[in-house]
Number of protein chains: 2
Amino acid sequence: MSEHHEQTRARLVEAAREVFSQYGFQGATVREICRRADANVAAVNYHFGSKDGLLAEALNFAQLKKLQTENAVADACPEKRLRLFIHDFMLMLLDEKDGSRQCQIMARELVDPTPALDQIVIEAIIPLREFLAGLVREIVGDNMSEAELIRCVQSLFGQCLFYRHSYPVLQRIYPELHYDHQEIEAVASHIADFSLAAMNQLALRTKNAQP
Amino acid sequence: MSEHHEQTRARLVEAAREVFSQYGFQGATVREICRRADANVAAVNYHFGSKDGLLAEALNFAQLKKLQTENAVADACPEKRLRLFIHDFMLMLLDEKDGSRQCQIMARELVDPTPALDQIVIEAIIPLREFLAGLVREIVGDNMSEAELIRCVQSLFGQCLFYRHSYPVLQRIYPELHYDHQEIEAVASHIADFSLAAMNQLALRTKNAQP
DNA sequence: TTTACTTTCAAACGCGTGTTTGATATGTTG
DNA sequence: CAACATATCAAACACGCGTTTGAAAGTAAA
């Protein structure tokens with residue numbers, strides 16, 4: 001019995017991740033989730049109390065945290081680690097085959113806030129910001145104020161999220177666009193090239209202006 | 001009579017821009033729009049046929065186009081014109097006091113597509129991309145492939161849109177954040193500094209690698 | 001088997017949505 | 001004035017939503 005119970009729960013969570021990441025929280029319907037999970041409409045409220053409860057369960061920051069810890073212990077210079085991080089991050093954001101729809105749900109939450117956004121900000125976004133800020137600080141050294149550094153981090157985030165958030169537009173401009181591994185690689189490389197060039201240059205200027 | 005008619009229409013369009021930009025198309029309700037316009041619920045369908053029709057009317061790319069044409073005839077070097085453009089664009093995206101809610105509606109459409117997105121892409125986004133691509137081409141010269149150049153334009157867009165799309169998150173991280181003219185100026189300056197540094201550096205590398 | 005508990009299910013509830021209706025008021029025209 | 005077109009309005013309609021209900025099915029312990 002407990003086995004089938006867990007099966008239904010698990011199927012609901014998995015279907016919820018699919019539907020939430022595809023249509024957003026507001027656009028997703030409980031009925032569609034249950035249809036994909038092959039479960040009754042009442043199952044969501046029985047197992048999770050409400051649609052909100054299901055969203056909270058569907059969110060899972062494990063992969064995002066794993067990405068950071070693995071990056072932190074990587075044996076490479078800060079520049080290479082930033083390249084690695086951007087690459088992995090873009091894979092999480094764009095790869096449809098990947099099971100990491102949680103990150104895509106998060107990306108939607110940024111735009112369409114739900115009651116779960118507070119949890120997301122505290123548990124996922126703020127740590128991620130601080131991680132990236134530390135990495136950027138390693139790259140630019142002390143030749144940049146904290147305020148400038150935070151802005152650089154936001155420039156990084158902005159570039160990464162753009163490709164996810166603006167996908168509906170990009171698809172209309174380039175009908176043949178699809179994010180296979182080659183395209184993701186190219187995008188990640190550009191963002192890294194662009195941002196490293198910018199940050200090194202900005203740090204250099206501050207350094208030259210100081211003495 | 002025609003005067004009062006036009007008044008109601010105009011009030012509906014203005015209220016619709018407010019509500020659409022605030023809650024998005026899906027989140028906005030016809031009743032709320034009519035409440036703000038001090039009109040009957042049936043007024044929307046009478047004057048515009050449907051909620052979709054009202055959205056199409058509420059969209060207006062005049063200000064966005066004016067921004068481009070004025071920028072094109074500005075008497076300044078490409079770098080300065082890019083700075084000017086980013087500044088004006090961020091004002092359109094972020095300034096709440098400004099009457100330019102159309103651009104904010106557009107920014108929401110990028111994420112939550114509606115049937116109006118096709119029109120937006122064709123009439124506003126593609127021309128804007130080409131305008132920016134031309135400006136960037138002036139800056140980097142021939143030292144960059146077309147593909148690289150487009151990616152730079154997307155990095156620009158990504159940074160600009162980030163501050164609008166991620167506003168709910170930024171507000172939770174910085175509760176005291178609000179986009180006054182000073183803050184907008186600071187953000188625009190950073191994006192310009194960051195991007196110009198990146199593009200000049202990338203162009204330089206390509207140039208040095210070629211001969 | 002009986003009892004108690006958990007899980008599933010079809011059906012319905014309450015609510016909010018965009019939209020339609022038919023009447024009423026208002027202005028225009030012959 | 002009378003006839004007509006236009007605009008507004010309260011009310012209702014049809015639909016989809018998240019959620020609830022009460023019965024049926026399934027499972028485990030006594």
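In chain A, residues 24 or more positions apart account for 67% of the contacts with a separation of 6 or more, where two residues are in contact if their C-beta atoms, placed from the backbone, lie within 7 Å. The model is a predicted one, in which local features need pLDDT of at least 70 and side-chain atom pairs count only at pLDDT 80 or more, whereas totals for chains, interfaces and linings use all residues. Residues are numbered from 1 along each chain as its sequence is written, and chains are lettered from A and ligands numbered from 1 in the order in which they are written.

The mean pLDDT of chain A (pLDDT being the predictor's confidence in each residue, from 0 to 100) is 92, and 95% of the residues of this chain reach 70 or more. Confidence in chain A is lowest in helix 7 (residues 101-111), with a mean of 86, and highest in helix 2 (residues 30-37), with 98.

Chain A contains eleven helices and zero strands, the helices (H or I, at least four residues) and strands (E, at least two) being DSSP runs numbered from the N terminus. The C-alpha trace of chain A spans about 70 × 35 × 30 Å along its principal axes. Of its 211 residues, 37% count as buried; a residue is buried if 20 or more other C-beta atoms lie within 10 Å of its own, exposed if 12 or fewer, and partly exposed in between, with C-beta atoms placed from the backbone.

The largest nonpolar core has 116 residues, of which A:Ile33, A:Ile86, A:Cys160, B:Ile33, B:Ile86 and B:Cys160 touch the most other members; such a core is a set of buried Ala, Val, Leu, Ile, Met, Phe, Trp, Tyr and Cys residues joined through C-beta atoms within 7 Å. When residues up to four places away in sequence are not counted, B:Cys160 touches B:Ile86, B:Phe89, B:Met90, B:Leu93 and B:Ile191. In helix 4 (residues 51-58) of chain B, the buried residues are B:Leu54, B:Leu55 and B:Ala58. These cover an arc of only 100° around the axis (the arc being that of the directions from the helix axis to the C-beta atoms), which puts them on the same side of helix 4 of chain B.

Between the chains, 34 residues of chain B are in contact with 34 residues of chain A. The elements giving two or more residues to the side of chain B that touches chain A are helix 1 (2-27), helix 7 (101-111), helix 8 (117-140), helix 9 (146-165), helix 10 (167-173) and helix 11 (181-209) of chain B, and helix 9 of chain B gives the most, with ten residues. By class, that side of chain B has 19 nonpolar, eleven polar and four charged residues, where Ala, Val, Leu, Ile, Met, Phe, Trp, Tyr, Cys and Pro count as nonpolar, Asp, Glu, Lys and Arg as charged, and the others, Gly among them, as polar.
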